[in-house]
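Thanks, everyone, for making the time this morning. I would like to walk through one model with you, slowly, so please keep the structure open while I talk.

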Amino acid sequence: MRQSEVKELSVEELHEELTNHQTKLSELKMTHVLSPLENPSEIQKVRRTVARIATEINKRELD
């Protein structure tokens with residue numbers, strides 16, 4: 001998910017997306033521990049998306 005896409009979401013949608021991506025990240029990490037992922041860079045992509053969403057939520061709370 002790109003930053004421009006994150007900025008277009010409402011606060012409720014951001015919280016929902018954050019929860020979904022955090023769940024996906026934990027599943028990817030667990031799967032990677034059990035057997036190596038075909039594309040381990042997917043973990044990094046999801047982690048960055050989580051950070052983008054969390055940053056946007058914090059930014060909106062400060063405003």
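Let me begin with Val6 which, once residues up to four places away in sequence are set aside, touches Met1, Leu14, Arg52, Ile53, Glu56 and Arg60. Please bear in mind throughout that this is a predicted model.

Val6 also belongs to the largest nonpolar core, a group of seven residues that it makes up together with Leu9, Leu14, Leu18, Val50, Ile53 and Ile57. Helix α2 and helix α3, the latter covering 41-62, each supply at least two residues of this core, and the largest share, three residues, comes from α3. There is also a second, separate core of five residues, among them Leu25, Leu28, Leu37 and Ile43. As background, nonpolar side chains in soluble globular proteins tend to be buried together.

Stepping back to the whole chain, the protein has three helices and zero strands, and its C-alpha trace spans about 45 × 15 × 15 Å along the principal axes. Of its 63 residues, 24% count as buried, while the exposed surface comes to about 4,800 Å², with carbon and sulfur atoms supplying 51% of it.

Gln22 itself is found in helix α2, residues 11-34, and it counts as partly exposed because its relative accessibility is 42%.

Notes:
Residues numbered from 1 in each chain as written. Predicted model: local features only at pLDDT ≥ 70, side-chain atom pairs only at ≥ 80, totals over all residues. Heavy atoms only, no water. Helix = DSSP H or I, 4+ residues; strand = E, 2+ residues; numbered from the N terminus. Buried < 20%, exposed > 50% of the residue type's maximum accessible area, 1.4 Å probe, protein only. Core = buried A, V, L, I, M, F, W, Y, C linked by side-chain atoms within 4.5 Å. Contact = heavy atoms within 4.5 Å. Areas by Shrake-Rupley, 256 points an atom, 1.4 Å probe, with all protein chains shown as cover.
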